[in-house]
Amino acid sequence: MRVSEGQVTVSVPEQPDAGKGADVFFNPVQELNRDVTVAALRAYRERLDGVSSYLDATAASGVRGVRAAADGWETTLCDFDTDAVALCEENLERNDLAAEVRHADANVLMHSEAFDVVDLDPFGTPIPFADAAIQGTKRLLCVTATDTAPLCGAHFESGVRSYGTVPRNTEFHAEMGMRVLLSAMVRTAARYDIAARPILSHATKHYVRTYLEFDHGAKVANDCIDELGYVHHCQRCLWRDHDDGLIADPPETCPVCGEHLQTAGPIWLGATCDPEFAAAVSDHVSEDMGTAEKARDLLSTLGAELPTPTHYDQHRLCKRWGRGAEAMDAFIEKLRDAGYDASRTHYGGTTFKTDADVTEIREATAE
């Protein structure tokens, strides 16, 4: 079947029946991901002069690479599957676009050649490609992970194996997954004296997406490592705190209710988004994108989010406190009136970030 996205129309496989796989995978749910990617590529070309080459490392149908080529990038599409390679070539020809299609192992290609921008969007975890992708990226590495259960701690052992950290399945599980992925990518890059700093990240519809800008040198890589640490979380009263550093030193018990704490880490504790870049990306969302309105709403929320390493859900808090929830704008305003920073988040309609702790939130928002 054919699908139109942005400026292009591509052939993609028919969606498989439940329980049956497709030779070449295409995920229609990730149209928002792809629309934001095109806008991010446009914004990054303005952010840094001279970037021109783009690799769609695990191309499948080639929709990402075809859209990049239509936007003027010197594009290479790579896939190990012969059917995927043929489909990429067909989709480029259909749109009268010139790009290079490689029938190759993406890891081999990225170890042997480097590109200004590498887009890594595999099925499942990106970790088997991480070392090669970091070696093959000059300036910007775009990464998608769809294995959210390991990332978020729901599949604990798999998360530990894949990401070399301790994930925890908390009520802020989507952000946990994003920060676990960032931790793994930052630590991998640091082994090569590369600072991989996120300038845009989001957790949307069962996937995590991040855009990592590279800087080179041991000092800047060390600076990124300094932004790793641990989150300590109480499942009973929802209190949490975080510590910088690679050695966990959790409190013995929750300081609010005295219960046992869960500790996750090392995860990325730093900012996951550059507000100025998010605004620039929003400016490059075009009306030919099918998710334009959603993309702009997402980017506006991302740009305004506080950089705290966890978030809260008002409904979960109010249920714990035995009181009714209220409109989010009014709830946020109460926190601000009490002298705390607070913002909505993109993780859900009732989620928010604040520099107040759980006791201070309860007191500040009481009737």
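Visitor: In this predicted model, where does Thr-272 lie?

Guide: Thr-272 sits in the loop that runs between strand β12, residues 262-268, and helix α10, residues 275-283.

Visitor: Is Thr-272 buried or exposed there, and which residues does Thr-272 touch?

Guide: A residue is called buried when its relative accessible area is under 20%, and Thr-272 is buried because its value is 8%. Leaving aside residues up to four places away in sequence, Thr-272 touches Met-178, Arg-179, Leu-182, Pro-198, Ile-199, Leu-200 and Ser-201.

Visitor: How should I read the backbone, and which residues have a positive phi?

Guide: Most residues other than glycine have a negative phi, and most peptide bonds are trans. Here Ala-60, although not a glycine, has a positive phi of about 55°, and Leu-238 has a positive phi near 75°. Ala-60 belongs to the loop between β3 (53-56) and α2 (63-70), while Leu-238 is placed in the loop between β10 (228-233) and β11 (240-244). Ala-60 is buried, with a relative accessible area of 16%, and Leu-238 is also buried, with a value of 2%.

Visitor: Which residues does a cis peptide bond join?

Guide: The cis bond joins Gly-265 and Pro-266, with omega at about 0°, and Pro-266 is found in strand β12.

Visitor: Turning to helices, which residues of α5 are buried, and what do they pack against?

Guide: An α-helix has 3.6 residues a turn, so residues three or four places apart point the same way. In helix α5, which covers residues 127-135, the buried residues are Phe-129, Ala-130, Ala-132, Ala-133 and Ile-134. The buried residues of α5 pack against the helices α4 (106-112) and α8 (173-190), and also against the strands β6 (115-120), β7 (137-145), β8 (194-204) and β9 (207-216).

Visitor: How do the axes of α1 and α10 cross, and which residues make the contact?

Guide: The axes of α1, residues 31-47, and α10 come within 8 Å and cross at roughly 115°, and the crossing is right-handed. On the side of α1 the contact is made by Val-36, Ala-39, Ala-40, Ala-43, Tyr-44 and Arg-47, and on the side of α10 by Phe-277, Ala-280 and Val-281.

Visitor: What classes of residue does the contact of α1 with α10 have?

Guide: By class, the contact has eight nonpolar residues, no polar residues and one charged residue.

Conventions. Residues numbered from 1 in each chain as written. Predicted model: local features only at pLDDT ≥ 70, side-chain atom pairs only at ≥ 80, totals over all residues. Heavy atoms only, no water. Helix = DSSP H or I, 4+ residues; strand = E, 2+ residues; numbered from the N terminus. Buried < 20%, exposed > 50% of the residue type's maximum accessible area, 1.4 Å probe, protein only. Contact = heavy atoms within 4.5 Å. Axes fitted to C-alpha atoms, helices over the stretch in contact; angles between N-to-C directions. Left-handed = near helix turned anticlockwise from the far one by under 90°. Nonpolar A, V, L, I, M, F, W, Y, C, P; charged D, E, K, R; others polar.
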